[in-house]
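Subject: Structure handover

Hello,

Here is the structure you asked for. Please open it and keep it beside you while you read my notes.

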Amino acid sequence: MGTVQGQPWSFSVEFDEQKAAQNGYDVDTLYDYVGKNVEKLGNVRIARGTWKAKAGDEVESQCLALSMLSRAKWVMQNIKSLTAFEDDLEVVDCLEVIREVNPERLYV
C-alpha cells in the first residue's frame, strides 16, 4: 500500500480489498471517493491512501475529515485501517478510538 509513515498532521486509510469486492467496490475508486471528500476540507493527497492536513489549519481539517470518514457507511464497511499522526508523530489508531467512542459506526 502507498502510505507515508511519520508525516506530522497526516492520516492514512487502508481499504480491505476483499470486503470492498464483496460490497461491489474497487479499492482505487474508494480512495478517489475519500479524496473527493477530504480534499474539500483542504487536505492534500500525498500517497495512495494518505492525506496531509491543510497547513495552518491542521487540527480542523484533519479532525473534520476523520469524523466525516467515520460516519460514511461506504468507508466503514470496507475499511482495513485508519491511522493518523498529529504533531508529535505518535500513531493514532482511529478504528480503536471509534470502537471505544462510537462502536455503532463499525460494520464487522
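First, a definition: contact, or touching, means heavy atoms within 4.5 Å. This is a predicted model, where local features need pLDDT of at least 70, side-chain atom pairs count only at pLDDT 80 or more, and totals for chains, interfaces and linings use all residues. Residues are numbered from 1 along each chain as its sequence is written, and side-chain values use heavy atoms, with hydrogens and water left out.

Strand β4

Start with T83, which sits in strand β4. Helices (H or I, at least four residues) and strands (E, at least two) are DSSP runs, numbered from the N terminus. Leaving out residues up to four places away in sequence, T83 touches S10, F11, S12, V91, V92 and C94. Is T83 buried or exposed? T83 is buried, with a relative accessible area of 19%. The cut-offs are these: buried is under 20% relative accessible area, exposed is over 50%, and partly exposed is in between (1.4 Å probe, protein chains only).

K80 is also placed in strand β4. Its contacts are E14, F15, D16 and L95, again not counting residues up to four places away in sequence. Look at K80 and E14 in particular. They are 66 residues apart in sequence, yet their C-alpha atoms are 5.3 Å apart in space.

Helix α2

Helix α2 covers residues 27-38. Its twelve residues should span 16 Å at 1.5 Å a residue, and the end C-alpha atoms are 16 Å apart, which agrees. The expected span is 1.5 Å times one less than the number of residues. Which residues of α2 are buried? They are V27, L30, Y31, V34, G35 and V38. Seen down the axis of α2, these buried residues fall within an arc of 145°, so they line one face of the helix. The arc is taken from the directions from the helix axis to the C-beta atoms. Their cover includes β1 (10-15), α1 (17-22), β2 (44-47), β3 (50-52), α3 (58-71) and α4 (73-76).

At the start of α2, a side-chain oxygen of D26 comes to within 3.1 Å of the backbone nitrogen of D28.

Helix α3

Helix α3 has 14 residues. From first C-alpha to last it reaches 20 Å, close to the 20 Å expected. The buried residues of α3 are S61, Q62, A65, L66, L69 and S70. They cover an arc of only 155° around the axis, which puts them on the same side of α3. What covers them includes β1, α2, α4, β4 (79-85) and α5 (94-101).

The largest pocket

The largest pocket has a volume of about 250 Å³. It is lined by 15 residues, and C63, L66, S67, C94 and V97 are the closest to its centre. A pocket is an open set of points on a 1 Å grid over the protein atoms alone, where a 1.4 Å probe fits, with protein on both sides within 12 Å along at least five of seven lines; lining residues have an atom within 4 Å of a point. Grid points are joined across faces, edges and corners, and the volume is the space filled by probe spheres set on the points. Which element gives the most to the lining? That is α3, with five residues.

Two backbone angles

Most residues other than glycine have a negative phi. W9, in the segment before β1, has a positive phi of about 55°. W9 counts as buried, at 15% relative accessibility. L89, in the loop between β4 and β5 (91-93), has a positive phi near 65°. L89 counts as partly exposed, at 38%.

Best wishes

Key: A polar contact is a pair of N or O atoms within 3.5 Å; within protein, one must be able to donate a hydrogen and the other to accept it, and residues adjacent in sequence count only if both atoms are side-chain atoms.
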